[in-house]
Amino acid sequence: MQKASNNPCKGILTLCRKFDTLIIKSMIKEIEYYTMPNGKCPYIEWFKALSRDYQSRVIKRINRLADGLYGDCKQLTNSTLSELRFDFGKGYRIYFKEFNNTII
């Protein structure tokens, strides 16, 4: 039996530390996960609470986003944030902002 990793993304995504922000390296876009001043990352906490099936779906969607394939996504009215919409679970959403080649 293989020991479970504390990192739900290990082996699927390449993770590294840069400043105080978790980053996933991509060929086209760079995905950064927002880290609050207290060191917590709301995305990672939400992600860890998902079932393995949902985690897999989210990882695939983030990888497509990093490759420039946005899918079901729209910019919020009167905001610089965009919404990445999922068609499973409880209508999950990921909110992000894009700067040049970086998505936070």
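Which residues in helix 1 meet which residues in helix 2? I began my entries with this question, working from a predicted model.

**Entry 1: the helix pair**

I found that Tyr43, Trp46, Phe47 and Lys48 of helix 1 meet Gln55, Val58, Ile59 and Ile62 of helix 2. I then looked up the geometry: the two helices pack at an angle of about 140°, and their axes lie 9 Å apart. Helix 1 and helix 2 are therefore oblique to each other. The cut-off matters here, since angles count as roughly antiparallel over 145 degrees.

**Entry 2: the buried face of helix 1**

I next asked which residues of helix 1 are buried. They are Tyr43, Ile44 and Phe47. Viewed down the axis of helix 1, the buried residues fall within an arc of 95°, so they line one face of the helix.

**Entry 3: the nonpolar core**

I turned to the largest nonpolar core, which holds 19 residues. Those that touch the most other members are Ile31, Tyr43, Val58, Ile62, Leu84, Phe86 and Ile94. Two or more residues each come from strand 3 (30–33), helix 1 (42–49), helix 2 (52–66) and strand 6 (93–96). Helix 2 gives the most, with five residues.

Apart from its neighbours within four places in sequence, Phe86 is in contact with Val58, Arg61, Gly91, Tyr92, Arg93 and Ile94.

**Entry 4: Ser82**

Is Ser82 buried or exposed? I located Ser82 in strand 5, which spans residues 82–85. Its relative accessibility is 13%, and Ser82 therefore counts as buried, the limit for that class being under 20%. With neighbours within four places in sequence set aside, I found Ser82 in contact with Cys73, Lys74, Gln75, Leu76, Ile94, Tyr95 and Phe96. Ile94 is also among the contacts of Phe86.

**Entry 5: the chain as a whole**

The chain has two helices and eight strands, and from the N terminus its elements run β-β-β-α-α-β-β-β-β-β. Of its 104 residues, 34% count as buried. Among contacts with a separation of 6 or more, 38% are between residues 24 or more positions apart.

Technical notes. Residues are numbered from 1 along each chain as its sequence is written. This is a predicted model: local features need pLDDT of at least 70, side-chain atom pairs count only at pLDDT 80 or more; totals for chains, interfaces and linings use all residues. Side-chain values use heavy atoms; hydrogens and water are left out. A nonpolar core is a set of buried Ala, Val, Leu, Ile, Met, Phe, Trp, Tyr and Cys residues joined through side-chain atoms within 4.5 Å. Buried means under 20% relative accessible area, exposed over 50%, partly exposed in between (1.4 Å probe, protein chains only). Helices (H or I, at least four residues) and strands (E, at least two) are DSSP runs, numbered from the N terminus. Contact means heavy atoms within 4.5 Å. The arc is that of the directions from the helix axis to the C-beta atoms. Axes are lines fitted to C-alpha atoms, for helices over the stretch in contact, and angles run from 0 to 180 degrees between N-to-C directions. Angles under 35 degrees count as roughly parallel, over 145 as roughly antiparallel, 65 to 115 as roughly perpendicular and the rest as oblique.
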